[in-house]
Amino acid sequence: MTDRPIPSLLQLTPINEEFRVDPHVLLDDLRTRCPVHKDPMSGSVVFSRYADVRGIVNDRTLWRDPMRAEEGAFLNRGLVADVDPNLPRSSTTSILMLDDPDHGRVRQPLAQALYARVAKFRGEVERIVDESLDALEGQAEFDLMDRFCVPIPIDVIASILGVDRGMLAQFRQWSEDLIQALNPFRNPEQTKAMEIASTALATYFTDSMADRRVSPKDDLITDMVTLQAEGAELSDDELRINLIALLVGGNLTTTDLIGNAVRLLLLNPDELAKLKADPGIINGLVEEVLRYEPPVDITGRVASSDRELGGCPIKQGQALMVSLRAANRDPEVYDDPHRFNVTRKHKPHVAFGGGSHICIGAPLARLEAQVALVKLFQRFPDLKLARPEETPEWRKLPFFRGMERLEVLAQ
Ligand code: HEM
């Protein structure tokens, strides 16, 4: 193990079978031997210790926009290769890759409206989860990803935004196609599907915003055009791009949180028994799933000045990649880090990143997972993996961890 080469960022993605099967063999080795790794393949510096990762995501003086990375930062620059540098950046990216002052200006009203909606959405999430469970009644064996983990997040975010429920399957497809924007290794076919989805969603949201100005509804699109009319400094382009980001950002990730949680609980019956005995532990349980099997592998920043990070000299413009997955299993922070323990003493994980870019959808993702898991095991207390001996088929999308399928037996 010790004389193998330090893995490149590409090897730390599910394209690499070894990483797919157990990412922690490579990540533990990386954190131990080279916790600050200048990776020639991606042109970035990869951090894997919790202290460094936490420090970087929380540091509001760092940049986020990959366009500000040096030319040699191949991976970052690849993400923005097609962006027209003459357009204002806030009309070509969502808040995900925006820097201040635009980031704060756009995120503030969006967060205000989203958080207010999420705070009163528990009843609607419960209704959507119940409806998915009702549809499974009487079935002996089914694919939980397809029937439960995939539909719930798209149904919930569609309901918050107020998009047409008759088009849920179409939104799911567009959302899956558009997430390829974050895949630097996408093939031409995936790029084409991504472009089609992008155009279709832009048209849909442009029409929806115009519609809400004439006929307001009880939904987030109406909240946002109202804030805009009341003086929030947001252009139509900015609004549209960020509404689409909410639709896309929350789907795959929340699907994977629920799917990864169910698999872990079925593989660890003693931990599942704790939930059955006391559903009140659900909040801590979801945090442990986020720590142990986070849906997103990495996030990034760009050095805004020459400085030292993790004990290494860093130059302005260097791309900084932080492994959220490695940080969440750092033995310096977590006792027995590779043990899945749903009543673990809480120490904040980094699954949602941090600082000014911390995931805006975190409260919603938590709510959905909490409701979905409690209700699933109440309705199907004898749920089992249909083929527990089989390694799951992990999706091959870089920087995300989730399963293609999760076959279960209802009793
Ligand atoms: C378990 C589910 C989720 C996970 C693990 C997750 C993870 C993340 C991570 C790691 C970031 C980058 C944070 C950083 O760089 O510091 C992020 C940002 C973001 N997420 Fe999520 N996310 C989840 C759910 C959602 C949901 C439900 C939504 C939408 C409703 C959403 C929308 C966004 C947006 C718009 C950003 C950009 C925020 C910014 O840069 O200011 N995410 N998420």
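**Ligand shell and a sheet**

Me: Which element gives the largest share of the shell around the ligand?
Reply: This is a predicted model. In it, α13 gives the largest share of the shell, 3 residues.

Me: And which elements supply at least two residues each?
Reply: Those are α5 (102-119), α12 (236-249), α13 (251-267) and β4 (298-302).

Me: How do the shell residues divide into nonpolar, polar and charged?
Reply: There are 13 nonpolar, 11 polar and 3 charged residues in the shell around the ligand.

Me: Which residues come nearest to the ligand?
Reply: Of the 27 residues around the ligand, the nearest are H103, R107, T299, H357 and C359.

Me: What do H103 and H357 do with their side chains there?
Reply: An N or O atom in the H103 side chain sits 2.7 Å from an oxygen atom of the ligand. For H357, a side-chain N or O atom is 2.6 Å from a ligand oxygen atom.

Me: What about G354, which atom is 3.0 Å from a ligand oxygen?
Reply: A backbone N or O atom of G354.

Me: Switching to the sheet of 3 strands. What's the order?
Reply: The order is β3-β9-β8, in an open sheet with antiparallel pairing. β3 (141-143) and β8 (384-385) are at the edges; each has a single partner strand, so one side of each has no neighbour in the sheet.

Me: How many bridges between β8 and β9?
Reply: 2 bridges, in the antiparallel sense, with β9 covering residues 407-409. L385 has V408 of β9 as its bridge partner.

Note on methods. Residues numbered from 1 in each chain as written. Predicted model: local features only at pLDDT ≥ 70, side-chain atom pairs only at ≥ 80, totals over all residues. Heavy atoms only, no water. Near = heavy atom within 4 Å. Polar contact = N/O pair within 3.5 Å; in protein donor to acceptor, adjacent residues only side chain to side chain. Helix = DSSP H or I, 4+ residues; strand = E, 2+ residues; numbered from the N terminus. Nonpolar A, V, L, I, M, F, W, Y, C, P; charged D, E, K, R; others polar. Pairing = 2+ DSSP bridges.
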